[in-house]
Amino acid sequence: MSTAATIILVLLGLVVLGVLWGIGIYNTLVRLRNQVNNAWSQIDVQLQRRYDLIPNLVEAVKGYMSYEKGTLESVINARNQAQSARSQIQQSGGPTESSSNAIKDLATADAAVRGAVTNIMALAENYPQLRASENMQQLQEELSSTENKVAFARQAYNDNVMLYNTTQQEFPAVLFAAALGHHPVELFQVDDQQAKKAPKVSFT
């Protein structure tokens with residue numbers, strides 16, 4: 001085999017290796033992006049569950065808390081704002097297609113929902129009949145369970161986001177990630193330490 005032919009074969013081999021290498025990077029980024037979106041869908045399900053429980057909570061307590069109209073209105077307003085922020089993320093195609101502000105806006109709105117729910121539960125302590133209500137006890141259990149599920153889903157989502165973002169920043173993916181349509185995704189986290197705590201809804 002001539003020297004020229006050998007050089008051509010070597011160059012072709014390098015081109016093939018380069019193509020395979022690029023395919024590997026592309027597939028890795030796509031897989032990680034899909035994992036982030038899947039993890040977000042788990043958060044989304046639990047957030048929707050929480051927001052669905054809010055009207056039931058207000059309905060359960062409003063007969064007892066006729067003088068707490070402002071508190072009840074605040075939890076509904078907070079819930080509506082969180083729903084709006086959540087819808088914006090859905091309409092944009094999920095967290096990997098949304099701006100970082102969209103995730104932050106939802107985190108802030110959701111923290112307000114938890115704070116408003118906590119206020120209602122604290123006030124409910126002053127109404128023995130309400131605390132003893134079977135409906136209220138059921139809501140207590142559902143809210144507590146939902147909060148735990150949100151916390152687990154949020155952790156799983158943030159773990160996947162960290163892996164996705166880190167992979168984009170590593171060589172050689174950093175050379176191609178942006179060109180392939182990948183960009184860092186915002187973590188779903190709450191800065192306020194108190195807002196990180198699940199509402200205390202136990203009446204025992």
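Me: Is Gln 46 buried or exposed?

Reply: This is a predicted model, in which local features need pLDDT of at least 70, side-chain atom pairs count only at pLDDT 80 or more, and totals for chains, interfaces and linings use all residues. Residues are numbered from 1 along each chain as its sequence is written, and side-chain values use heavy atoms, with hydrogens and water left out. Buried means under 20% relative accessible area, exposed over 50% and partly exposed in between, with a 1.4 Å probe and protein chains only. Gln 46 has a relative accessible area of 16%, so Gln 46 is buried.

Me: Which residues does Gln 46 touch, leaving out residues up to four places away in sequence?

Reply: Gln 46 sits in helix 1; helices (H or I, at least four residues) and strands (E, at least two) are DSSP runs, numbered from the N terminus. Contact means heavy atoms within 4.5 Å. Not counting residues up to four places away in sequence, Gln 46 touches Thr 146, Lys 149 and Val 150.

Me: Why does Tyr 26 count as partly exposed?

Reply: Tyr 26 is also a helix 1 residue. Its C-alpha atom is separated by 17 Å from that of Asn 160, 134 residues apart along the chain. Tyr 26 counts as partly exposed because its relative accessibility is 41%.

Me: How far apart in space are Trp 40 and Arg 154, C-alpha to C-alpha?

Reply: Trp 40 lies in helix 1 and counts as buried because its relative accessibility is 5%. Residues up to four places away in sequence aside, Trp 40 touches Ile 89, Pro 95, Ile 103, Leu 106, Tyr 157 and Phe 188. Trp 40 and Arg 154 are 114 residues apart in sequence, while their C-alpha atoms are 7.9 Å apart.

Me: Why are helix 3 and helix 5 described as roughly antiparallel?

Reply: Axes are lines fitted to C-alpha atoms, for helices over the stretch in contact, and angles run from 0 to 180 degrees between N-to-C directions. Helix 3 and helix 5 pack at about 155°, with their axes 13 Å apart. Angles under 35 degrees count as roughly parallel, over 145 as roughly antiparallel, 65 to 115 as roughly perpendicular and the rest as oblique. The two helices, helix 3 and helix 5, are therefore roughly antiparallel.

Me: How far apart are the end C-alpha atoms of residues 129-156?

Reply: The unreviewed UniProt entry annotates residues 129-156 as "coiled-coil region"; UniProt positions are given in the numbering used here, feature names are shortened, and annotations may be inferred rather than shown by experiment. In the model, the span 129-156 is 96% helix and 0% strand, and its end C-alpha atoms lie 39 Å apart.
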